[in-house]
Amino acid sequence: AVVSTQSTGDYGTKKMVEGIFELGDRCLIIEDVITTGGSILETVDVLQKAGLTSCDGVVLLDRQQGGQINLTNNNFNIRSVFNITEILDLLYSAGDITRETVDKTIAFVNDNQLFKQGS
């Protein structure tokens, strides 16, 4: 297992990448949420500089605002467990949110695309 941190901090080993790995090992990046994909691309850069090769990723929730497109355009393979549409549908089906909330949220997502197909 390898852990990549955002900064070296003032504690621990002060390394950006910690764990047991050999140069050239492949890695899997696990994230909670993806919006732009920027933090994943930054992590890939850090891991590659540490000697790991190309990585793939798994994210719990894709907010569907272009992050997956951005990562694909940067030759990064990403899979999501859920996307925002699936979560909204689940909550609506359970009676936890209204159709109006679903529609407003989908409209927000569509109006706030950070990366569009082909860009």
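These legends describe close-up views of a predicted model. Local features need pLDDT of at least 70, side-chain atom pairs count only at pLDDT 80 or more, and totals for chains, interfaces and linings use all residues. Residues are numbered from 1 along each chain as its sequence is written, and side-chain values use heavy atoms, with hydrogens and water left out.

**View 1. Strands β3 and β4 pair in the parallel sense.** β3 covers residues 27-34 and β4 covers residues 55-62. Seven bridges join them. Strands pair if DSSP finds at least two bridges between them. Helices (H or I, at least four residues) and strands (E, at least two) are DSSP runs, numbered from the N terminus. I30 has V58 of β4 as its bridge partner. Right-handed means that, with the strands pointing away from the viewer, the path from the first strand over the helix to the second runs clockwise.

**View 2. Strand β4 runs parallel to strand β5.** Six bridges join β4 to β5, residues 77-83. L61 has its bridge partner, F82, in β5. From β4, the chain crosses through helix α2 (residues 67-73) to β5. This β-α-β crossover is right-handed.

**View 3. N70 sits in helix α2.** Is N70 buried or exposed? N70 counts as buried because its relative accessibility is 10%. The cut-offs are under 20% relative accessible area for buried and over 50% for exposed, with partly exposed in between (1.4 Å probe, protein chains only). Neighbours within four places in sequence aside, N70 is in contact with T36, G37, G38, L41 and F115. Contact means heavy atoms within 4.5 Å.

**View 4. A salt bridge joins R26 and D56.** The closest N and O atoms are 2.9 Å apart. A salt bridge is a side-chain nitrogen of Lys or Arg within 4 Å of a carboxyl oxygen of Asp or Glu. The structure holds four salt bridges. This pair links distant parts of the chain, 30 residues apart. R26 lies in the loop between β2 (17-19) and β3, and D56 lies in strand β4. R26 is exposed at 53%, whereas D56 is partly exposed at 24%.

View 5. D45 is partly exposed at 35%. K49 is exposed at 67%.
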